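Please open the model and follow these points with the strands in view. Each point takes up one part of the fold.

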Amino acid sequence: MALIYVLNDEAGEQTLHIRGELYKYLIKARRHKEGDEISFRSREKLEILHRYRVDTLDSRSAELALISSELYEVKSNKSLHIGWCVIDANSIEKVLPSLCEIGVKRVSFISCQRSQKNIKLDFKRFTRIIEASMQQSGRSNYIEFDTYRSVEEFIAKFPDTNVFDFCDDTLQDYSDVRTVLIGCEGGFSPKERELLSSLKRFRLNTPMVLRSESAVVAIASKILF
């Protein structure tokens, strides 16, 4: 498929010399042969899609010739920013590929009062996970990551945030939702609920109690699809 691509920092050169792990992946795993066309993008210019043809192939290396380079961006038609109260890093990592493929633009991790303490967020590792998902889904931009010290700090910067919470209101129209705040396990503290009382709150139309990571994926899907 044309959308699937390989990240390579030399993409755009007239010739690509493929060896090592990339050779094993393209030739042994994906079984490309001479004459096949493969798409590449470079991290520096992700918006450009480069098409290469496998020109020569031997037992340890391959040489690919550039066929074309074009501006070809693949991203969601909508923009969604998720404010996510910090949970266990392993749980976050499990859903990052789904959030990438769904089309989430930005995830802000917030140290809420009920967040687990001493959680270390490895953004470099998150980026590697996202890159693998991007190459498989065709997405041509990264999810943006940042952090906030508290719910109060986040809301001060994004006052139009919609809050996912235990309440009676199900959100019927998602068209204007751009920023969503999602709590950690156990939800928001009384002090945080008081702070959020003036904001629009909603729940999903389900009788089930969702884990934080399940809620993130479900809400992103509802808004972006």
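**Notes on the two sheets**

1. Start with one pair of residues. Ile 110 has Tyr 148 in β8 as its bridge partner. Strand β7 covers residues 106-110, and it pairs with β8 in the parallel sense over 5 bridges. Two strands count as paired if DSSP finds at least two bridges between them. Helices (H or I, at least four residues) and strands (E, at least two) are DSSP runs, numbered from the N terminus.

2. A word on the source. This is a predicted model, in which local features need pLDDT of at least 70 and side-chain atom pairs count only at pLDDT 80 or more, while totals for chains, interfaces and linings use all residues. Residues are numbered from 1 along each chain as its sequence is written, and side-chain values use heavy atoms, with hydrogens and water left out.

3. Now the whole sheet around that pair. It is open, has 6 strands and runs in the order β8-β7-β6-β10-β9-β11, with parallel pairing. β8 (144-148) and β11 (201-202) stand at the edges with a single partner strand each, so one side of each has no neighbour in the sheet.

4. Two helices pack on this sheet. Helix α3 (residues 123-137) touches β7 and β8, and its direction makes about 150° with that of β8. Helix α6 (residues 212-224) touches β6 (81-85), β9 (162-164), β10 (179-182) and β11; its direction makes about 160° with that of β10. Contact means heavy atoms within 4.5 Å. Axes are lines fitted to C-alpha atoms, for helices over the stretch in contact, and angles run from 0 to 180 degrees between N-to-C directions.

5. Is β6 buried or exposed? Of its 5 residues, 5 are buried (under 20% relative accessible area; exposed is over 50%, partly exposed in between; 1.4 Å probe, protein chains only). His 81, Gly 83 and Cys 85 lie on one side, Ile 82 and Trp 84 on the other, and both faces are covered.

6. Look at the partners of β6. It runs parallel to β7, joined by 5 bridges, and Cys 85 has Ile 110 in β7 as its bridge partner. β6 also runs parallel to β10, over 4 bridges. There, Ile 82 has Val 180 as its bridge partner.

7. Between β6 and β7 comes a helix. β6, helix α2 (residues 89-102) and β7 make a right-handed β-α-β unit. Right-handed here means that, with the strands pointing away from the viewer, the path from the first strand over the helix to the second runs clockwise.

8. How do α2 and α3 meet? Their axes come within 9 Å and cross at roughly 40°. That makes α2 oblique to α3 (under 35 degrees is roughly parallel, over 145 roughly antiparallel, 65 to 115 roughly perpendicular, and the rest oblique). Residues in the contact include Ile 92 and Leu 96 of α2, and Phe 126 and Ile 130 of α3.

9. Turn to the other sheet. It is open, with 5 strands in the order β1-β3-β4-β5-β2 and mixed pairing. The edge strands β1 (6-7) and β2 (15-18) each pair on one side only. β1 and strand β3 (residues 37-41) run parallel and are joined by 2 bridges. Val 6 stands opposite Phe 40 in β3.

10. End with Ile 48. This residue lies in strand β4 (residues 48-57). Beyond its neighbours within four places in sequence, Ile 48 is in contact with Phe 40, Arg 41, Ser 69, Glu 70 and Leu 71. The C-alpha atoms of Ile 48 and Ile 82 are separated by 27 Å, and the two residues are 34 residues apart along the chain.
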